[in-house]
Amino acid sequence: MRPETRNSVILVLGTGTTAVLSLAYCVYAGRRLGPTGGYADFTAALAFASFCNIALGPINGTIAKFSAGYAARGEYGKVRSIYREAAKRMALYGFVVFALAALAAGPVAEALNFRSTASLMIACAMVYLTLLVSVGRGVLRGVQSFGAYNLNIVAEATIRLALGVAIFALLRTAVAGLSAYILALLATLTLICGQLRGAWRGHDCEPLNGAAIRRFVAPMFVMMGVSAGFENIDLLFVKHYFGELEAGIYGSAFILARAISVVATPFQLLLLPLVAGLYEQGRPLGRTFGRICVYFALLAAGPLLLFWLCSEGIVAGLYGPAYHGAAPLLLPLGLTRLVGYLSAMIALFYASMGRFGFLGVYVPGLILQAAALTLWHTSLSTVVVTVLIVQTAALAGMVAHLIQGRRSRRRESTSRIQVDHAAECRPWRDD
């Protein structure tokens, strides 16, 4: 079995279990709160946290990429060093940013029509704790310790579900439901510290090339910020432009459409360290990347088929009749997620090699989506169709860039071969 196939299976099992537990908690929260009882605040807080977490993904991705390179060369002392330095900086700088975000929480909560600032404050705390956890998870990804990674994410989802059910039995508010995320992250942070000891056992810290890491981080932040926008700003636009009922209905469809993200997550986690390791070793990349995209598309076809055939039954069975307006949104939202994640995979493929020319296509795509949503938001269906059209156009641009880049590399390779051949055929002279 190929390494990417074996690791894909491992990650699908872990992230799939995590997603089922996470979805169960979100659905349970929706049934407890109702579309007009705070669920719009609950889902908007999660979307806000998700936006920030994805935008901060370069921390995890950078650690994964460089850890993969160090591990491929057997330099586990550098793996230990990158974790130590990143953890210290994220704990300090992240806290400063959290404090600044707390000062701005009031105006942002008002703009997004939150009932109270507390939900947004909890979302900010979720981002800070997730940032700390993601440092360790980046190391586990980089050294391809996917079994330990699975244990970590499944433990977080299990703890969150158990605590959330207990909390909702006492309090039925969005703030109470969101607090389970904080408690689960604190428990997970404790767990990951123990897991990491095995990643570098017997190796002392070694000096790092900080300049190379910093050069990689800056464009990664741009890339992940765009990915975060593609995945989450539609819900934030709905929360701003629509009433609580519509926002709650859209939020339920938004949560269910994450079934596509469940399928995408293991391949996104695998892609960067796998391609970075192959690139470091000078091995071919194209076929491996192609197989990963095909695996993702085949698995994503399952939930999309269910959204097409059973959308009303899914919404009614999970959320209840109060959310029936979400059914028509499921298939177009699922398709939007599919094309969005394919674009993100192309971006990760290039990022794993340290090439960021694709940003010339990726960034304008997000700007176009924001502009389109500002102009066209007369109904929830209009929002979904607008986002689907823009993200499909962005994917077409990314594929065109990928094809053009491959042709350019082939021409360069052919030119080098011709030059080498000419040099071999040139008569030898003793000057």
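Analyst: Helices are DSSP runs of H or I with at least four residues, numbered from the N terminus. The model discussed here is predicted. In it, H4 gives 13 residues to the lining of the second largest pocket, and this is the largest share.

User: What makes a residue part of that lining?

Analyst: A lining residue has an atom within 4 Å of a point of the pocket. For the second largest pocket, 31 residues qualify, and those closest to its centre are Ile-59, Arg-89, Met-90, Tyr-93 and Phe-221. The space in this pocket is about 760 Å³.

User: Why is the ring pair of Tyr-319 and Tyr-323 called tilted?

Analyst: Two rings pair if their centres lie within 6.5 Å, and the planes of a stacked pair are under 30 degrees apart, those of an edge-to-face pair over 60. The centres of Tyr-319 and Tyr-323 are 4.8 Å apart and their planes stand at 50 degrees, so the pair is tilted. By the pairing rule the model has 20 aromatic pairs. Ring pairs join Tyr-319 and Tyr-323 in a cluster with Tyr-25, Tyr-28, Tyr-39, Phe-42, Phe-168 and Tyr-181.

User: How do you know whether Tyr-319 is buried or exposed?

Analyst: Buried means under 20% relative accessible area. Tyr-319 has 4%, so Tyr-319 is buried. Tyr-323, at 1%, is buried too.

User: What makes Asn-113 partly exposed?

Analyst: The class lies between the buried limit of 20% and the exposed limit of 50%. Asn-113 has 40% relative accessibility, so Asn-113 counts as partly exposed. Its place is the loop between H4 and H5.

User: What is the phi of Asn-113?

Analyst: Asn-113 is not a glycine, yet its phi is positive, at about 60 degrees. Most residues other than glycine have a negative phi.

User: Why do Arg-137 and Glu-156 count as a polar contact?

Analyst: A polar contact needs a pair of N or O atoms within 3.5 Å, and one must be able to donate a hydrogen and the other to accept it. The side chains of Arg-137 and Glu-156 are joined by such a contact at 2.7 Å. Arg-137 is in helix H5, and its relative accessible area of 10% makes Arg-137 buried.

User: How do you know that Gln-369 is buried, and which side chain makes a polar contact with its own?

Analyst: The limit is under 20%, and Gln-369, at 0%, is therefore buried. The side chain of Gln-369 makes a polar contact of 3.0 Å with the side chain of Gln-391. Gln-369 belongs to helix H13 (residues 359–375).

User: What puts Lys-239 over the ring of Phe-114?

Analyst: The rule asks for NZ of Lys within 6 Å of the ring centre and within 35 degrees of the ring normal. Lys-239 lies over the face of Phe-114, at 4.9 Å from the ring centre.

User: Where is Thr-43, and how far is its C-alpha from that of Gly-248?

Analyst: Thr-43 is in helix H2.

Definitions and conventions:
Residues numbered from 1 in each chain as written. Predicted model: local features only at pLDDT ≥ 70, side-chain atom pairs only at ≥ 80, totals over all residues. Heavy atoms only, no water. Phe/Tyr/Trp six-rings, centres within 6.5 Å; stacked < 30°, edge-to-face > 60°. Buried < 20%, exposed > 50% of the residue type's maximum accessible area, 1.4 Å probe, protein only. 1 Å grid on protein atoms, 1.4 Å probe; cavity = no way out; pocket = protein on both sides within 12 Å on 5 of 7 lines; lining within 4 Å. Points joined across faces, edges and corners; volume = space filled by probe spheres on them. Helix = DSSP H or I, 4+ residues; strand = E, 2+ residues; numbered from the N terminus.
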